[in-house]
Amino acid sequence: MGIGGYQSIPGQASAWWSQRCLCKLRGEPLVVPVARTLDELILITINHRSAPLKVVGKLENLVEQAYERLYPYTDELVILATCNRFEVYALESPRLLIEAESLLGDAAKYAVVLRGLDAARHLFRVAAGLESAILGENEILGQVAKAYESARSRGYAGKYMSLLFHYAVKTGKLVRSKTMISYGNVGAPGAAVHAAEKVLGSYDGRRVLVVGAGEAGSIIATLIRQKSSSARLMVVNRTYERAERLAKKVSGEAYSLDKLPELLEYADVVFVAVTVDKPLLTRDLLERMKHGALVVDVSNPSAVELPVPSHLGYIGLQGLEKVIQKTLERRRQEVPKAERIVEEQLALFRKAWMRRAADEAIAVMMEYAGRVVEEELQELHGRLRGLGVDGAALTATGDFAQSLVKKLLRPMIVYAHRAAVNGQAHVLEEIVEQFRREIEKRVTNRPERDSPPRNRLRCPP
């Protein structure tokens, strides 16, 4: 069964009965789940919209401490922490918010609390890139998936967080595949690669020189290699070892800075991404470049002496800013379409959550039925043995009882399923509460046995 899946009603009853029998044989505690309504989903968020970035940035180091301090007060917990957000997704309890406020300290005044469908909607929008500082950025989707996987692997996230984050990641992927919310590049290095490609037509077979092997130079070289496997990539850097590392990463060639003059002579396009006090590409060097070559400068301050000779093309930061704004405008046009996808997936998620609540209501019904049948079978078997009946006949009575219970409870199971589909959470709550009270009565009325905790009822011996 996939995440958020729902088995058929007979399968659900059979699976529960099998679990109960295995538990009895092993002498292990049997967990009777509590149906959690969607309103119990809570989000505590401090992000770039609600707080200064210097406040948000400091919270990224609180992840481990947050798990240690908050998990005792909730059944499930996932923490999403990036440079732009610190978010706690959990199942609410009376003490959780108090402990979270204590954990956050002065930053708590920036916190926003959302519940239920609003909390889920926020996560879906985050995964879709709609809540990012840069609209439509892709990195956040991987961060959402990684946050959940980390919580799951360490036992903090269970079936409800699994359901929530499954749909969130699915939504993020759908938005990116069905809209252009991540169109183009909105960082200077990415915009530079995009703008130069428009001028050149293609990087295929081109001699591309990247001056600078820092973060910007690395992004430029990587993007160019992604666009063309046949481009000849040459990396120049003041420190040769750094140029060599980047060149190896992008299947290029590494050169030290003293080779720059001769490399400029036959380059088709030169990307300059360095930090210097004065222009690195002087007028003399630019004059040596071939006719029609393109110079793209993402350095701040500029590393190219202006104006460039008339036989060269030139794109600077000012020109790139126009490219970036056009790209962002194109992304903004996709927002309504992305939001429709978010709402569609949110509706599906709500139904899946309710189906899960129905699963747990059915589990409580089956636990009650199992206890009743167990007691009645013990009494029946005692009488049958007194009459000389033994062996296969006793086994047959157990099989008969299991079949009878499933048939008798089927209308209630169908009712629970229908309530889930129709979003009638209160119906499921009433079913769970009624059957749980009956279970507790049977436990309480047995003085020879200890009454176990409310949510973890032991199998009858």
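Start with Thr-74, which touches Ala-90, Leu-91 and Leu-96 once residues up to four places away in sequence are set aside (contact here means heavy atoms within 4.5 Å). The model is a predicted one, in which local features need pLDDT of at least 70 and side-chain atom pairs count only at pLDDT 80 or more, while totals for chains, interfaces and linings use all residues. Numbering runs from 1 along each chain as its sequence is written, and side-chain values use heavy atoms, with hydrogens and water left out.

Thr-74 sits in the loop between α3 (63-70) and β3 (77-82); helices (H or I, at least four residues) and strands (E, at least two) are DSSP runs, numbered from the N terminus. With 8% relative accessibility, Thr-74 counts as buried, a label for anything under 20% relative accessible area with a 1.4 Å probe and protein chains only. A polar atom of the Thr-74 side chain lies 2.6 Å from the backbone oxygen of Leu-91.

Then there is Glu-99, a residue of helix α4 (residues 96-104). Glu-99 also counts as buried, at 10% relative accessibility. Neighbours within four places in sequence aside, Glu-99 is in contact with Arg-69, Leu-70 and Tyr-73.

Zooming out, the protein has 16 helices and 12 strands. Buried residues make up 48% of its 461 residues. Of the contacts with a separation of 6 or more, 71% are between residues 24 or more positions apart.

Helix α14 (residues 335-386) has 52 residues, and at 1.5 Å a residue it should span 76 Å, which agrees with the 76 Å between its end C-alpha atoms; the expected span is 1.5 Å times one less than the number of residues. After α14 comes Gly-388, with a positive phi near 90 degrees.

The largest pocket has a volume of about 580 Å³. Of its 24 lining residues, Ile-134, Glu-137, Asn-138, Glu-139 and Val-186 are the closest to the centre. A pocket is an open set of points on a 1 Å grid over the protein atoms alone, where a 1.4 Å probe fits, with protein on both sides within 12 Å along at least five of seven lines; lining residues have an atom within 4 Å of a point. The volume is the space filled by probe spheres set on the points, which are joined across faces, edges and corners. Helices α6 (139-153), α8 (188-200) and α9 (215-227) each supply at least two residues of this lining.

Definitions and conventions:
Buried means under 20% relative accessible area, exposed over 50%, partly exposed in between (1.4 Å probe, protein chains only). A polar contact is a pair of N or O atoms within 3.5 Å; within protein, one must be able to donate a hydrogen and the other to accept it, and residues adjacent in sequence count only if both atoms are side-chain atoms.
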